[in-house]
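Hi,

Here's the structure I promised to pass on.

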Amino acid sequence: SEGLNVAVPSVQTLRLGNVPEGANVSVAKSVGNVLYFKNICGYVKFTVSEGDFVKIVLEAASGLAVAGGVSVSFDEEGSPQVQNTVPSRTLTLLPSEQYVAPGVYYVPILPAVYESGLTIYLYKENGSIYKPAVSLVDRIDRCVPLNIGVIDRNIEPYNSVLELSPETKTSLEPGKCSTQ
């Protein structure tokens, strides 16, 4: 059967204690006149202790899609299954004010086994980039919040040789097409 095409936004505006508006994509399969909605994403739950970041970027170290366009179909149990159509290997999280406020956040992310983990980049206003000292994630399951704790407690300066942001690095890499 044909899949339903939807998009998990690759740029989301954080909401304290909640998921970003418009990012928690649900699909429904009708049974008679009743629609049964199910979320297609898993969640990363994290805490920010300092309130001075202007952007947070999540990137799958293996190059897998964390957001973007997907085709959704339903399995025999009625659970949504996703296939990437327009993959985004980065998920950019913006503050709702000038800075990301200290507190707890929930971020929808495509379910997958991220063998090489997720990398988190924390951006400050002066352009410096930091990342947590540990690899945080190996698997995101649909509808399951994965609590990765305080993401800015043990951070290290991140400096690539060319001083490129992850988005710039990704756009300079050879394109990869997913035909599965």
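Below is what turned up on the sheets and the salt bridges.

One thing to keep in mind as you read: this is a predicted model.

If you want to find your way in, go to strand 5 (residues 42-48), which pairs with strand 10 in the antiparallel sense over 7 bridges. For a landmark in that pairing, T47 has V104 in strand 10 as its bridge partner.

Then there's an open sheet built from 6 strands, in the order 2-9-6-12-13-16, and its pairing is mixed too. Its edges are strand 2 (11-13) and strand 16 (155-157), each of which pairs on one side only. Neighbouring strands in this sheet are turned by 25° against each other on average, again with direction ignored. Within it, strand 12 (residues 118-124) and strand 13 (residues 129-132) pair in the antiparallel sense over 2 bridges. The residue to look for is L122, which stands opposite Y130 in strand 13.

Now the charged pairs. How many salt bridges does the count come to? It comes to 3.

- K124 and D52: their side chains meet at 2.9 Å, N to O. K124 is in strand 12 while D52 is in the loop between strand 5 and strand 6 (53-60), so this pair ties together parts that are 72 residues apart in sequence. K124 counts as partly exposed at 22% relative accessibility, and D52 is partly exposed as well, at 26%.
- D141 and R139: the side chains meet in a salt bridge at 2.7 Å, N to O. D141 is partly exposed, with 32% relative accessibility, and R139 is also partly exposed, with a relative accessible area of 45%.
- E21 and R15: the closest N and O atoms are 4.0 Å apart. The cut-off for a salt bridge is within 4 Å. Is E21 buried or exposed? At 68% relative accessibility, E21 counts as exposed, whereas R15 is partly exposed at 33%.

Cheers

Key: Residues numbered from 1 in each chain as written. Predicted model: local features only at pLDDT ≥ 70, side-chain atom pairs only at ≥ 80, totals over all residues. Heavy atoms only, no water. Pairing = 2+ DSSP bridges. Helix = DSSP H or I, 4+ residues; strand = E, 2+ residues; numbered from the N terminus. Axes fitted to C-alpha atoms, helices over the stretch in contact; angles between N-to-C directions. Buried < 20%, exposed > 50% of the residue type's maximum accessible area, 1.4 Å probe, protein only.
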